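Let's walk through this structure together, starting from its annotation and moving on to a few side chains. Have the model open as you read.

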Amino acid sequence: MVRRRVIVSGRVQGVFFRDSTRREAARLGVAGWARNCGDGTVEAVFEGPQEAVSQAVEFVRTGPPRAQVQRVEVFDEPAEGLRGFDVG
């Protein structure tokens with residue numbers, strides 16, 4: 001199990017970014033959460049098998065069709081054993 005936290009910058013709010021991320025995480029079997037931040041970024045956490053988490057991180061590098069991702073910061077963190085995927 002691995003955990004990665006990402007901060008995604010660009011046009012990522014108001015384009016179904018969080019819900020698309022939730023659906024992709026569910027498809028991959030990845031737990032975690034995604035939320036909009038006050039500075040216009042989206043922050044998300046992915047936990048699960050390394051390959052699935054890597055695929056989730058790759059998804060946010062482009063996001064849904066209306067998103068315009070400019071930058072993705074990725075941080076490795078200790079896994080907490082999350083279950084499900086929440087959107088806040």
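According to an unreviewed UniProt entry, residues 3-88 carry the annotation "domain: Acylphosphatase-like". What you see is a predicted model. In that model, the span 3-88 is 27% helix and 41% strand, and its end C-alpha atoms lie 18 Å apart.

Now turn to the two positions that the unreviewed UniProt entry labels "active site", R18 and N36. They are spread over 19 residues of sequence, yet they cluster in space, with a largest C-alpha distance of 7.9 Å. R18 belongs to helix α1 (residues 17-28), while N36 belongs to strand β2 (residues 31-36). Their side chains are joined by a polar contact of 3.3 Å.

What surrounds them? Setting aside neighbours within four places in sequence, R18 is in contact with A34, R35, N36, V42, V87 and G88. R18 has a relative accessibility of 25%, so it counts as partly exposed. N36 is partly exposed too, because its relative accessible area is 30%.

Next, look for aromatic rings: the structure holds one aromatic pair. F46 and F85 are stacked, 6.0 Å centre to centre with 20° between the planes. This pair links distant parts of the chain, since F46 is in strand β3 (residues 42-48) and F85 is in strand β5 (residues 85-87), 39 residues apart.

One last stop involves a charge and a ring: the charged end of R5 sits over the ring of F75, 4.5 Å from the ring's centre.

Conventions
Residues numbered from 1 in each chain as written. Predicted model: local features only at pLDDT ≥ 70, side-chain atom pairs only at ≥ 80, totals over all residues. Heavy atoms only, no water. Phe/Tyr/Trp six-rings, centres within 6.5 Å; stacked < 30°, edge-to-face > 60°. Helix = DSSP H or I, 4+ residues; strand = E, 2+ residues; numbered from the N terminus. Lys NZ or Arg CZ within 6 Å of the ring centre and 35° of its normal. UniProt positions renumbered as here; feature names shortened; annotations may be inferred. Buried < 20%, exposed > 50% of the residue type's maximum accessible area, 1.4 Å probe, protein only. Contact = heavy atoms within 4.5 Å. Polar contact = N/O pair within 3.5 Å; in protein donor to acceptor, adjacent residues only side chain to side chain.
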